[in-house]
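Hi,

Here is the structure I promised to pass on to you.

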Amino acid sequence: MSLIEVKNAYKCYGKIKKHSVYALTDVNLTIEKGEIVGLVGESGCGKSTLGKIFLKLEKLTSGKVFFNGQDITNFSFNQMLSIRKNMQMIFQNSSNVFNPYFTVRQVLSEPLNNYFKLSYEEKEKRMTLLLKRVGLNNSYLERYGNELSGGQRQRIGIARALILNPEFVVCDEPVSSVDYAIRNQLLTLLLDLKHDFGLTYLFISHDLSAVNKICTKVVIMYLGNIMEIIPRMDENVEHPYSKALLAAALSADPHNRSEKKILFKETDEIFVPKKGCAFQNRCLYAKEICKNKKPILTQIKDGHYVSCHLCKI
Ligand SMILES: Nc1ncnc2c1ncn2[C@@H]1O[C@H](COP(=O)(O)OP(=O)(O)OP(=O)(O)O)[C@@H](O)[C@H]1O
Ligand SMILES: [Mg+2]
C-alpha cells in the first residue's frame with residue numbers, strides 16, 4: 001500500500017540570471033508502507049528538496065503530494081497539524097538542528113508539548129523509553145547538546161524524530177557526520193527501529209554501501225530528475241549516469257582503484273538543458289533524440305525503472 005507519493009513534482013527556487021533553478025523536474029515517486037527507499041545522486045541534484053517536499057517543509061511549484069491516499073498538496077498549516085506528527089526528519093548533523101544550550105530533556109519534550117497534552121510523568125516515561133531504544137540512559141536528559149559526541153547527537157536526533165510515533169521518516173544523510181564504526185552502529189539501530197516501530201524511511205545518502213546495507217529499493221537522481229529506480233543495490237544498473245555514479249563510488253574505494261574509468265564527459269559548468277535528457281551534455285552515448293526529447297521513466301523489469309532513450313531497446 002502506498003504511504004506517500006509525489007506526482008509530477010516540480011520545484012523551482014527563485015530566478016538566478018534569468019534562469020529558473022529547477023531543483024525537481026517532473027518527479028514521480030511512490031513509497032510503499034514498510035519500504036526503505038534509498039535516494040542517491042551527486043550534491044545539488046535535489047535529494048534534500050525531494051525529502052522536504054514529501055514532508056511539506058517545502059512547497060511544490062507544481063504537482064501533488066499524497067499521504068495515505070489523501071491529497072495533502074494544499075493542506076493549510078492547521079490541516080497539516082494532524083498529519084505532521086506522522087512524518088519526521090533525521091538530519092545529517094543534528095547539532096545544527098537543536099540549540100546547544102538546550103538540554104536533551106528540552107529537545108525531546110518540545111515535540112511532545114506541541115502535539116500532546118501529557119503529564120510530567122508521562123513525558124518522562126516516553127523520553128526515557130526513547131532514549132533507551134537509541135542506546136542512551138536517562139542521565140542524558142540533563143546533558144546539553146554541546147556536551148554530546150557526534151554519534152550521541154545523532155542518537156538524540158533519532159529519538160526526537162521517533163518520539164511522536166511517526167509512520168514515515170526522512171533520514172537526510174543521517175550517518176555522514178560520524179566515523180565508520182559509529183556509522184555501522186547507527187545503521188543497525190535505524191534498521192532495528194524500523195522493524196520495532198513499523199516505520200517507512202526515505203534514506204538520503206552519498207554513501208552507497210550504507211544504502212546497500214539498509215535499503216529495499218534505490219532511486220538515482222541527476223539534476224532534479226529521477227534517472228533510474230532499482231529494486232536492490234546489487235541489481236545491474238542500465239542508465240549511463242547510474243553506471244558513472246557507481247563507478248565513481250567504486251574508484252573511491254581503495255580496493256577498487258584499478259577499476260577507475262571515466263564514464264561521463266567532464267564539464268566545467270553543470271546546467272539543466274532546456275529540452276531533452278538532463279544528462280545529455282555529460283553522456284558518452286547521447287544521440288540526437290536525447291537532445292530533443294525528454295525520456296520518460298519506464299519499467300524495464302520487475303521493480304526496475306529507467307529514464308533513458310537508449311536503455312529501452
Ligand atoms: N532554499 C533554497 N533556495 C535556493 N536554491 C535552493 C534552496 N535549497 C536548495 N536549492 C538549490 O536546489 C538544488 C537542489 O538542492 P538540494 O539541497 O535538494 O540538493 P542535494 O541533492 O540534497 O545536495 P547535497 O547532496 O549537497 O545535500 C541545488 O541547486 C540548490 O542550490
Ligand atoms: Mg541534501
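Below is what I found, going from the whole chain to the ligand and then to the start of the chain.

First, some housekeeping. This is a predicted model, where local features need pLDDT of at least 70 and side-chain atom pairs count only at pLDDT 80 or more, while totals for chains, interfaces and linings use all residues. Residues are numbered from 1 along each chain as its sequence is written, chains are lettered from A and ligands numbered from 1 in the order in which they are written, and side-chain values use heavy atoms, with hydrogens and water left out.

**The whole chain**

You'll find 10 helices and 12 strands in the chain; these are DSSP runs numbered from the N terminus, H or I of at least four residues for helices and E of at least two for strands. Its radius of gyration is 21 Å, close to the 20 Å from the globule rule for 313 residues, so the chain is as compact as a globular protein of that length. That radius is taken over C-alpha atoms, and the rule is 2.2 Å times the number of residues to the power 0.38. Along the principal axes, the C-alpha atoms fill a box of roughly 65 × 50 × 40 Å.

**Around ligand 1**

Oxygen atoms of ligand 1 lie 2.4 Å from a side-chain N or O atom of S43, 2.7 Å from one in the side chain of K47 and 3.2 Å from a backbone N or O atom of C45.

**The start of the chain**

M1 sits in the segment before β1 (2-16) and is exposed, with a relative accessible area of 66%. Leaving out residues up to four places away in sequence, M1 touches E32, K33 and N68 (contact means heavy atoms within 4.5 Å).

Cheers

Key: A polar contact is a pair of N or O atoms within 3.5 Å; within protein, one must be able to donate a hydrogen and the other to accept it, and residues adjacent in sequence count only if both atoms are side-chain atoms. Buried means under 20% relative accessible area, exposed over 50%, partly exposed in between (1.4 Å probe, protein chains only).
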